[in-house]
Amino acid sequence: MARITYKHPNGTETVLEVPAPNTVMRGAKINNVVGIEAQCGGSAQCGTCHVYIDEACTVSLPEMADDEDEVLYGTASPRRDSSRLSCQLQISDALDGLVVHLPERQS
Amino acid sequence: MAARSVVIVGAGQAGSDTAAALRSHGFDGRVTLVGEEPWLPYQRPPLSKAYQAGTVGQEELELRPASFYADQRIELLRGDRAVKIDRELRTLLLDSGRTLPYDALVLATGARPRALPVPGAQRPGVLALRGLDDAEALRQQLAGAERPLQVVVVGAGFIGLEVAATARELGHHPTVVEALPRVLARAVSPVMSDWLAAEHRRRGTALLLRREVVALHGAGTGDGPVQVVELDGGTRLPADLVVVGIGVLPNVGLAVEAGLNVGDGVLVDEQLRTSDPAIHAVGDCARFPSVHAGRPLRLESVQNASDQARTVAAVICGEPAPYRALPWFWSQQFTLRLQIAGITAGHDEAVTAGDPEQGRFSVFCFRHGRLVGVESVNRPADHGIARRLLAAGPDLTPEEVAAPGFDLKRRTAQPV
Ligand SMILES: Cc1cc2nc3c(=O)[nH]c(=O)nc-3n(C[C@H](O)[C@H](O)[C@H](O)COP(=O)(O)OP(=O)(O)OC[C@H]3O[C@@H](n4cnc5c(N)ncnc54)[C@H](O)[C@@H]3O)c2cc1C
Ligand code: FES
């Protein structure tokens, strides 16, 4: 279980307690959080689950695999240093307190 | 007047996404989702891939958990079938006898596999792959086998090639029979077809092109399990299992009976409206005017189902915008991740960039000098950037792609 904060481009936020096993993407999908599309269902193919990790957030995340890095080149909103694919972030206690920003667009 | 009650027929990708998108748009009337399948709406792509390999189970296929539909006040009627539309009364009749009134009706009925039109196609051991039940039947055969099986796959489309690849990975002996001269003939460029064909062969799959299945034989007269696949010219292939993947037919029965315009699919306009403005169609069953293809098109992809779902929800909520999303598609065969951006059919020039020998490259397809699509193998960055480029109106030329050292990633290193 981890508490995840999804910040929307309009300034509002959605805070969810997401149980494991799940990903940060799936946590958003099952709660109909607008702004994560995840068309490929989490297979690191589509880049429509793009998020920016909050600069002030100190939660440590797993290393980025090559696949994820490649897919992030093609996201609809610009890639930044803080960009991740939310389908590659597995929920665990270690992710508790994670704050992500949803991009303007996913496709 | 805005719709107060929306009924969606078909609880697949497009149906479930439409229901969700209506709520995201703030629609607070009634939403009813009718599906004939007994399961929660699920994703089909893994059925021929990870589900067969055993790495994804049934629950992970679900698009959304049961609680989602309850939380979002979406009435999900499972295991019930829509049987008739009354356009005058604006009601939908279900198999269970229930009648649902609607202000807006969305047809999201998908498609069904085309049956192999040859003698013996009904024999046990001849499978198609569309639903979870089909996938489970196939999985039991492939994963449950005690010895390597002779698997004959009819049709070298995406599903056929994915099943053949999975079967091979599980240690079986697949033979793919295709009537056309190349694999994925309708979906990818000849360069890509040839490259993929060689990869399948290199990994031990037999691939017979320009060959047709004429009959399936088995023990007993007509209903014994399949044992032999007979091809044109009399060739006989031994078969423990036959998987038929020769394309799909859109489910248009309801629309035809209701007198809506139907071609290969339910005909809709750019707002996904049928010839009755209270009825829409989305996903695999809908034929829409495509700005990318320059002609009416029916697409069978998650992208199309899910983007059309969002368009139709907007239209129903009174915020119409034409459906113009860029088509894209993915397929996984062995470790090969094939991704297609745009529509490459009808291109007149193809330029390859990257390293086909190493299994990492992209084919850039042009028509009259203009980029129309990009096919990538294990080059997700190319694919994603190509999607962005194609959506924005591409300025890439064949000469630029052909120049030594071309790298799309570097070209667009600055955010576009
Ligand atoms: C094995 C397989 C692998 C695939 N792989 C990929 C892939 O890698 N990438 C990709 O982009 N796409 C892939 N696809 C295609 C993708 O899954 C489809 O394009 C998508 O599911 C279409 O969604 P849909 O809602 O239009 O149709 P469906 O998902 O088929 O849903 C339609 C639903 O409507 C129901 N229905 C029909 N008639 C009625 C009725 N009268 N009453 C009630 N219910 C009804 C059907 O039972 C079905 O559940 C694959 C498809 C298959 C079968
Ligand atoms: S869901 Fe497609 S890349 Fe994450």
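The following legends describe close-up views of a predicted model.

In this model, local features need pLDDT of at least 70 and side-chain atom pairs count only at pLDDT 80 or more, whereas totals for chains, interfaces and linings use all residues; side-chain values use heavy atoms, with hydrogens and water left out. Residues are numbered from 1 along each chain as its sequence is written, and chains are lettered from A and ligands numbered from 1 in the order in which they are written.

**View 1. Domains of chain B.** Chain B is divided into domain 1 (5-112 + 248-316), domain 2 (126-244) and domain 3 (335-412). These bounds come from an automatic or database domain assignment. The C-alpha centres of domain 1 of chain B and domain 3 of chain B lie 32 Å apart.

**View 2. The five-stranded sheet of chain B.** Five strands of chain B form an open, antiparallel sheet in the order 23-24-27-26-25. Its edges are strand 23 (328-333) and strand 25 (349-355) of chain B, each of which pairs on one side only. Neighbouring strands of this sheet are turned against each other by 15 degrees on average, direction ignored. Helices (H or I, at least four residues) and strands (E, at least two) are DSSP runs, numbered from the N terminus, and two strands pair if DSSP finds at least two bridges between them. Strand 24 (residues 336-342) and strand 27 (residues 370-377) of chain B run antiparallel and are joined by five bridges. B:G342 stands opposite B:G373 in strand 27 of chain B.

**View 3. Helices against the five-stranded sheet.** Helix 7 (residues 190-202) of chain B packs on the sheet and touches strand 23, strand 24, strand 25, strand 26 (360-367) and strand 27 of chain B. Its direction makes about 165 degrees with that of strand 24 of chain B. Helix 10 (residues 380-392) of chain B lies across strand 23, strand 24, strand 26 and strand 27 of chain B, and runs at about 10 degrees to strand 24 of chain B. Contact means heavy atoms within 4.5 Å; axes are lines fitted to C-alpha atoms, for helices over the stretch in contact, and angles run from 0 to 180 degrees between N-to-C directions.

View 4. A:E70 lies in helix 2 (residues 66-71) of chain A and is buried, with a relative accessible area of 9%. Buried means under 20% relative accessible area, exposed over 50%, and partly exposed in between (1.4 Å probe, protein chains only). The side chain of A:E70 makes a polar contact with the side chain of B:K409 (2.8 Å), and reaches the backbone nitrogen of B:A381 at 3.2 Å. A polar contact is a pair of N or O atoms within 3.5 Å; within protein, one must be able to donate a hydrogen and the other to accept it, and residues adjacent in sequence count only if both atoms are side-chain atoms. Not counting residues up to four places away in sequence, A:E70 touches B:R360, B:R379, B:P380, B:A381 and B:K409.

**View 5. Cysteines of chain A.** The structure holds zero disulfides over all chains, a disulfide being a pair of cysteine sulfur atoms within 2.5 Å. The sulfur of A:C57 is 17 Å from the closest cysteine sulfur, in A:C49, too far for a bond. A:C57 is buried, with a relative accessible area of 16%, and A:C46 is buried at 5%.

**View 6. Backbone geometry in two loops.** A cis peptide bond, with omega of about -5 degrees, joins A:A20 and A:P21. A:P21 lies in the loop between strand 2 (13-18) and helix 1 (24-30) of chain A. B:L272, in the loop between strand 19 (265-267) and strand 20 (279-281) of chain B, has phi near 65 degrees, a positive value in a residue other than glycine.
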